[in-house]
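Please walk through this structure with the model open beside you.

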Amino acid sequence: AGFINSENRGYYLGHTASFAKMETFWPEIAPHEMAHVLQFYLSRGTSSNCGEGQECSKYHGHSIEGSANTLGMAIAFPILPWYSDEMDKILKNGIRGYKSQISVKNKEDAISLFKLIESRNTEMSQEFSYSAGQVLWEYFIGTYGFKKWIEFNLNIPKTANFGENLKFTVGIDKQGFYEAAAPYFLSVWERLAKEG
C-alpha cells in the first residue's frame, strides 16, 4: 500500500489464502494498509535517502508500521475493549516470542527498544516495530491528538529528518518523545509480561 505522488493516486494490493477462515482473517489488515496510503498521501510520497534508524531518516520502522497498526486497530475495532484486546494480543505475542532476547524492566529499557525499532533490520525489530510501535504511536495520538499525527505526516517533506519533524510538530525532540512515552509503554509491557 502507498501513494504515488506523480500519479496522484493511492494503491492497496491485498490477497489471502483460499483456505483462510474467519479465525485467520485479521480485520485490522485492510485499515492498516489504508493507513499507509494516508501516511504517504499526507507526506506526498516523500522518500529519504537515509535508511530507517539513521539520524537523517524521515521515517522510522515504528512510525510507519506502529502508527499504521494503531490506526488500523482503531478503525477495525471501534469498541474500545476489542481494540485494547487486539493491541494487547499482538504485543503479548512478541513478548512471548522474544522473551529470551529482550526484556523491558525500566524506562531505559523502553527507550532502548524504541531505538531498536527505528530500523526493521532483524526479525525481532521487524516484529516489535508493529507491536511495540503501535503502543508508542498510541501514546503519541492519545497525548497530542489525531490532528497532530496528520500534521506530523504533512511535515515530513518540510523537515530534514524524523527528530526535526517531532520538534516542529509537537515541540519535543526524539529523545524527549521517547522519554515521555516510556512510562506508558513500560506499564503496558509489564502488564502483558505478567499475564505470560
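S103 sits in the loop between α3 and α4. In this predicted model, S103 is partly exposed, with a relative accessibility of 38%. Set aside the neighbours within four places in sequence, and S103 is in contact with D109 and W189. W189 is 86 residues away along the chain, yet the two C-alpha atoms are separated by 9.0 Å.

Now take F114. Beyond four places in sequence, F114 is in contact with H62, L136, Y178, A181, A182 and F185.

Next comes the loop between α4 and α5, where S119 is found. Is S119 buried or exposed? S119 is buried, because its relative accessible area is 15% and the cut-off for buried is under 20%. Not counting residues up to four places away, S119 touches E52, G53, G61 and S125.

R120 is in this loop too, and pairs with E65 in helix α2, 55 residues apart. The closest N and O atoms of this salt bridge are 2.8 Å apart. R120 counts as partly exposed at 26% relative accessibility, whereas E65 counts as buried at 7%. E52 joins R120 and E65 in a network of salt bridges.

The structure holds six salt bridges. One of them joins E55 and K174, with the closest N and O atoms 3.0 Å apart. E55 lies in the loop between α1 and α2 and K174 in helix α8, 119 residues apart. E55 is exposed at 59% relative accessibility; K174 is buried at 12%.

D88 and R191 also meet in a salt bridge, at 2.8 Å from N to O. D88 is in helix α3 and R191 in helix α8, so this pair ties together parts 103 residues apart in sequence. D88 is buried, with a relative accessible area of 14%. R191 is partly exposed, at 35%.

Y12, I29 and M34 make a nonpolar patch of about 250 Å². Y12 lies in the loop between β2 (9–11) and α1, and is partly exposed at 33% relative accessible area.

Key: Residues numbered from 1 in each chain as written. Predicted model: local features only at pLDDT ≥ 70, side-chain atom pairs only at ≥ 80, totals over all residues. Heavy atoms only, no water. Contact = heavy atoms within 4.5 Å. Helix = DSSP H or I, 4+ residues; strand = E, 2+ residues; numbered from the N terminus. Buried < 20%, exposed > 50% of the residue type's maximum accessible area, 1.4 Å probe, protein only. Patch = residues over 30% accessible without salt bridge, like charges linked within 9 Å, V, L, I, M, F, W, Y side chains within 5 Å. Areas by Shrake-Rupley, 256 points an atom, 1.4 Å probe, with all protein chains shown as cover. Salt bridge = Lys/Arg side-chain N within 4 Å of Asp/Glu carboxyl O.
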